[in-house]
Amino acid sequence: KNASVLVVGAGFIGVEWITELEHFFKNLKLTIIDALPQCLGPLPAKAANYCSNYMKRHGIKEHYNMKYNAKDLNFYASIGLPGGADKEYVCIGVKASNYFMPAETLSEKGPGGGGWILMDMNLAVKSRDGKVWSKDEQGYPRIFAIGDCNYGCVDGPGPMDAWPIPAIPKISYPGEEEAIVAIRNIEKVDKLVFRGLKTTHMGYPIELATMHWPWGAGMF
C-alpha cells in the first residue's frame, strides 16, 4: 500500500522495530523521531552513528531534537508527513502489562504509574502485605517473577537506598541474572518437595537462593 509509518522513540525498541519493518516491507515510507539529539541515546556516539547510517542507507527518515505532538498538524508537516502518518507506533516510556495477575500482587507505584509484580528476595511473587503469594503446603514458593514484569526492586522501609534491593534498570542484563536465580530456586524446590532431599551432595542444607543488585558492565 506504500503506507507511511511513524515510529516515535529512537531507543532500542524503536530502532529495532523500524528496521524490521523496512526489512520485511520494502514499500513502506518510514520515519522515526526522538527528543534526543541522536538515536539510541545511551550508546556511545560511534555506535549510534552506525545505526543512524544504516537507517539512512535503507531510506528511513530520521528527525531528532523533535518532540512528539499528535494534536499539532504543523508537527507532522515538519517531519515530512503533512496530514499525519497512516500508522504510528509510540515506543517511548514503559508500561506494565500484568493485567493477568491479582491486584494484591501488583505495585501501587513505579514506572508508568505502577502495576508491576511484587517479589521477595527469592524472586517469589509476594502480596502487598509482604507475604509469599504462591507458596505450597510446605511453605515453598512456586511462582517467580523475573525481567520486565516485576517491580524491579525489593522494597522495604526507609529510603530506596536502604531497601533490600534498590531499583534495577529495566534492561535485559538484570533479567538474565534474575532468570538464573529463579531457575535454581525452582530446581531446589523440586528437590525439597518431590525428591525428599534436604542437603546437597556436599552435605549443605538446600536453601533458596536470594537475588542481588546486578552490578556489572552489562548494566550500562
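Select Ser127 to begin: in this predicted model, Ser127 sits in the loop between strand E4 and helix H4 (172-193). Is Ser127 buried or exposed? Ser127 is buried, because its relative accessible area is 10% and the cut-off for buried is under 20%. Now show what surrounds this residue. Leaving aside residues up to four places away in sequence, Ser127 touches Glu104, Thr105, Leu118 and Trp133.

Next, go to the sheet. Select the strands and read across them in the order E3-E2-E1-E4. They form an open sheet of 4 strands with parallel pairing. Strand E3 (61-63) and E4 are the edge strands, each pairing on one side only. From one strand to the next, the twist averages 15°.

Now select strand E1, residues 4-8. Of its 5 residues, 5 are buried, so E1 is largely enclosed by the rest of the structure.

Which strand is joined to E1 by 5 bridges? That is strand E2 (residues 29-33), and the two run parallel. To find the pairing by eye, select Val5, which stands opposite Leu30 in E2.

Select helix H1 (residues 12-24) next; together with E1 and E2, H1 makes a right-handed β-α-β unit.

Colour the buried residues of H1: Gly14, Val15, Ile18, Thr19, Leu21 and Glu22. Look down the axis of H1: these buried residues fall within an arc of 155°, so they line one face of the helix. Ile13 and Phe24 are exposed, on the face of H1 turned away from its buried side.

Last, show what lies against H1. Its buried residues pack against E1, E2, helix H2 (45-57) and E4. H1 lies across E1, E2 and E4, and runs at about 170° to E2.

Terms used
Residues numbered from 1 in each chain as written. Predicted model: local features only at pLDDT ≥ 70, side-chain atom pairs only at ≥ 80, totals over all residues. Heavy atoms only, no water. Buried < 20%, exposed > 50% of the residue type's maximum accessible area, 1.4 Å probe, protein only. Pairing = 2+ DSSP bridges. Right-handed = clockwise from strand over helix to strand, strands pointing away. Arc of directions from axis to C-beta. Contact = heavy atoms within 4.5 Å. Axes fitted to C-alpha atoms, helices over the stretch in contact; angles between N-to-C directions.
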